[in-house]
Amino acid sequence: MSKDIRTEFDSMGEMRLPSDCLWGAQTQRAVGNFAVSPLRIHPYMVKALCLIKKHAARANASLGLLDESLSQAIARSADAIIEEKSTDQFPIDVFQTGSGTSWNMNINEVLSNKANLLLGGEVGSRKPVHPNDHVNMGQSSNDVIPTAISLANRLLLEDAVAGMKALEESFSKKSIEFSEVIKLGRTHLQDAVPMTLGQEFSAFAVQVGQGRKNLEHQKTLLCDLPLGGTAIGTGLNAHPGFAPAAIKGIADETGIPFRPMDNKFQGISFRSSQVDLMGVINSIACDFMKIANDLRLLTSGPRSGLGEIILPTLQPGSSIMPGKVNPVIPEMVIQVAAFLQGKALSVSIANQHGPLQLNMMMPLISHETLTSLNLLAETSRVFAANCIDGIQADEENCLQAIEGSLAMVTPVALTIGYDKAAELAYKAYKEKRPVREVLYESGLLKKEDIDRLLDPATMTGEH
């Protein structure tokens, strides 16, 4: 037999696997069974599983169920994997058995082998540390995987919130910078009354801020962990003190107030906390789509469109039209938003597939939620740094649009009545002349009154 291959045995018989890998027979079977995509376990899921196994071992030792030397070896091995930040030893496809049993056995086997090396044993020997008897003591894949999903979501949520905070601050700064830039508002894509560009950007800032606050609210909802429920929620084969001790250890290490779930049956069979999380992300994606499309409209042209703002010039926009520059970052954001909305739907569908006592689409839920949080965090930062921070206002274009707008007649209606104002607006439209000029000719108001009423600054509510 090749020196690059070793043989292990499990309940199903002989299994050949690479000699230098730390996983075992069950992982290798899963690698062969589920080879359908390039998608693998998320690094934060690995971290979450390591935290669970580390503090499970410590809890079992404190309860007198696990030898202290074995507990320490498991904990040290888990710390090493977290420190390495590597997923090389976790080769199983995301699309696998719905409970995530293969991922749970993967971490059990890797930690078992790593611990045995620390204790002078051999890879594949399953002694003195056994993947099931010791690493998985008091646990089932059915409570470990949903616990890991919520734990990983909660850990990664911090970065997504930070990314959105950066974007919110960028919009807020621009709203102040553009507070004196008067422009035309638009409804139904038609001319409306004047506003400031700062007011327009303030709406973006507030909306991003609301999404950020909604995301922060998810922190509390993700702290309830079903660990200790084992197979279906009854806690069979787990010591009554196991879950409180293990979860306290996780909470103390992370500084996050994780707590045992009151009803572990619910925590194992439902993934509603992930649906809630993705509901917020879906809402944020809708907001990002609207904001990015607004920026594309505001920068359109630059000569035949609105052209009210100038986006940073990042790259040539055409292989055939020299000098063309496209709104590439907003277009990137639009695609990300569509992608996130699809992920939210995927998690909604997955949560429905929890027949009786177990959800059977947990690996997919893990992948969709964690990659969504990653994507939201990075997109927010890039949107802020590569687009929003560098936006400039074209004040001349903004003012020209105001003076030519028929909506300028709006404040005059209070003085001469709606019908007469509409008649003058229609005349200005047919003759392609400014409202101000038609009003001067009408003799209905004094020139100074017309100029006072048609002062765009007084229409913005800022003065």
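Over residues 408-461 the chain is 69% helix and 0% strand, and the end C-alpha atoms lie 15 Å apart. Helices (H or I, at least four residues) and strands (E, at least two) are DSSP runs, numbered from the N terminus. The UniProt record, an unreviewed entry, places the feature "domain: Fumarase C C-terminal" at these residues, 408-461. UniProt positions follow the numbering used here, feature names are shortened, and annotations may be inferred rather than shown by experiment.

The model is predicted: local features need pLDDT of at least 70, side-chain atom pairs count only at pLDDT 80 or more, and totals for chains, interfaces and linings use all residues. Residues are numbered from 1 along each chain as its sequence is written, and side-chain values use heavy atoms, with hydrogens and water left out.

The largest pocket has a volume of about 420 Å³. A pocket is an open set of points on a 1 Å grid over the protein atoms alone, with protein on both sides within 12 Å along at least five of seven lines; a cavity is a set where a 1.4 Å probe fits but cannot get out; lining residues have an atom within 4 Å of a point. Points are joined across faces, edges and corners, and a volume is the space filled by probe spheres set on them. The pocket lining holds 18 residues, with T299, S300, G301, P302 and V325 nearest the centre. Seven lining residues are nonpolar, eight polar and three charged. Here Ala, Val, Leu, Ile, Met, Phe, Trp, Tyr, Cys and Pro count as nonpolar, Asp, Glu, Lys and Arg as charged, and the others, Gly among them, as polar.

One cavity of 30 Å³ or more was found. Helix 11 (residues 328-352) gives the largest share, three residues. The cavity lining has eight nonpolar residues, two polar and no charged.

P302, from the pocket lining, is joined to G301 by a cis peptide bond, with omega about 5°. P302 sits in the loop between helix 10 (272-298) and strand 7 (309-310). A cis bond also joins K127 and P128, with omega about 5°. P128 lies in the loop between helix 4 (101-118) and helix 5 (131-135).

Most residues other than glycine have a negative phi, and most peptide bonds are trans. H188 has a positive phi near 60°. It lies in the loop between strand 3 (182-187) and strand 4 (190-196). H188 is exposed at 76% relative accessible area (buried is under 20%, exposed over 50%, partly exposed in between; 1.4 Å probe, protein chains only). K432 has a positive phi of about 55°. This residue is in the loop between helix 15 (418-431) and helix 16 (435-442), and is exposed at 78%.

N359 lies in the loop between helix 11 and helix 12 (362-386) and has 0% relative accessibility. Its side chain reaches the backbone oxygen of A350 at 3.0 Å. A polar atom of the N359 side chain lies 3.4 Å from the backbone nitrogen of M362. S170, in helix 6 (residues 141-177), is buried at 6%. Its side chain makes a 2.7 Å polar contact with that of D389. Such a contact is a pair of N or O atoms within 3.5 Å; within protein, one must be able to donate a hydrogen and the other to accept it, and residues adjacent in sequence count only if both atoms are side-chain atoms.
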